[in-house]
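Try each task yourself before you read on to the solution.

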Amino acid sequence: MVTIYDAKPGLSRRELLKRGGIGALLVISGSAVISPEHAWGLETSTLKPETMATLIQLARDIYPHDQVPDKYYAIAVKGHDEQAGKDATYKAMIEDGIADLDKKSGDGGYRGLGWEDQRVAVLKQIESSPFFQAIRGGLVVSLYNQKEVWPIFGYEGESYSKGGYIARGFNDIEWL
């Protein structure tokens with residue numbers, strides 16, 4: 001299954017390409033989600049690969065950072081697959097949550113919605129659900145605690161091992 005995002009009605013192909021409106025191409029193959037364009041893949045062990053692909057898009061929509069590649073969002077949601085393997089109730093919550101999200105999104109499901117504002121409108125409908133809160137809460141740690149993304153934001157990391165913040169620019173908050 002290949003996902004290509006649709007254009008808004010009335011937007012020419014040329015304008016869509018100029019704006020960069022075609023999102024990342026994710027290919028689902030067996031038990032894996034693959035990004036051939038960026039040469040990374042994510043193998044699933046418990047959740048369906050379609051579920052993981054949707055979780056990657058969901059993570060990007062909850063915490064959108066254009067400069068952060070999808071592979072870091074994939075790493076951030078991998079923990080849900082691992083947790084689902086240990087807890088059947090958790091697995092059901094994730095699979096049912098994605099199914100509900102796809103149903104609320106109409107034909108083509110959540111990933112079929114080509115525009116961020118359309119996906120955010122659907123997310124607002126479920127933001128108080130335990131499913132949404134589990135995904136959002138997990139992302140705070142699993143996305144932002146990846147040392148590989150820190151340079152993208154200009155964050156230099158902890159300062160204690162380097163003498164503390166007082167010795168390293170107490171008032172330097174350019175990374176924010």
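**Exercise 1. A helix pair**

Which residues in helix 2 meet which residues in helix 4? Then work out how the two helices are arranged.

*Solution.* Keep in mind that this is a predicted model.

Step 1: pick out the contacts. On the helix 2 side you'll find T51, T54, L55 and L58, and they meet I94, E95, I98, L101 and D102 in helix 4. Sorted by type, the residues of this contact come out as 5 nonpolar, 2 polar and 2 charged.

Step 2: get the geometry. Helix 2 spans residues 49–62 and helix 4 spans residues 88–105; they pack at an angle of about 70°, and their axes are 10 Å apart.

Step 3: name the arrangement. Angles of 65 to 115 degrees count as roughly perpendicular, so helix 2 and helix 4 are roughly perpendicular to each other. As for handedness, helix 2 passes helix 4 in a left-handed crossing.

**Exercise 2. The core**

Find the residues with the most contacts inside the largest nonpolar core, and say which element supplies the largest share of this core.

*Solution.* Step 1: size it up. The largest nonpolar core has 37 residues, and L55 and L58 have the most contacts inside it.

Step 1: list the suppliers. At least two residues each come from strand 3 (40–43), helix 2, helix 3 (70–86), helix 4, helix 5 (116–126) and helix 6 (130–144). Helix 2 gives the largest share, 7 residues.

Step 2: In soluble globular proteins, nonpolar side chains tend to be buried together.

**Exercise 3. Zooming out**

Describe the whole protein in a few numbers.

*Solution.* Step 1: count elements. There are 8 helices and 3 strands, in the order α-β-β-β-α-α-α-α-α-α-α along the sequence.

Step 1: check burial. Of the 176 residues, 39% are buried.

Step 2: look at contact range. Among contacts with a separation of 6 or more, 54% join residues 24 or more positions apart.

Note on methods. Residues numbered from 1 in each chain as written. Predicted model: local features only at pLDDT ≥ 70, side-chain atom pairs only at ≥ 80, totals over all residues. Heavy atoms only, no water. Axes fitted to C-alpha atoms, helices over the stretch in contact; angles between N-to-C directions. Helix = DSSP H or I, 4+ residues; strand = E, 2+ residues; numbered from the N terminus. Parallel < 35°, antiparallel > 145°, perpendicular 65-115°, else oblique. Left-handed = near helix turned anticlockwise from the far one by under 90°. Contact = heavy atoms within 4.5 Å. Nonpolar A, V, L, I, M, F, W, Y, C, P; charged D, E, K, R; others polar. Core = buried A, V, L, I, M, F, W, Y, C linked by side-chain atoms within 4.5 Å. Buried < 20%, exposed > 50% of the residue type's maximum accessible area, 1.4 Å probe, protein only.
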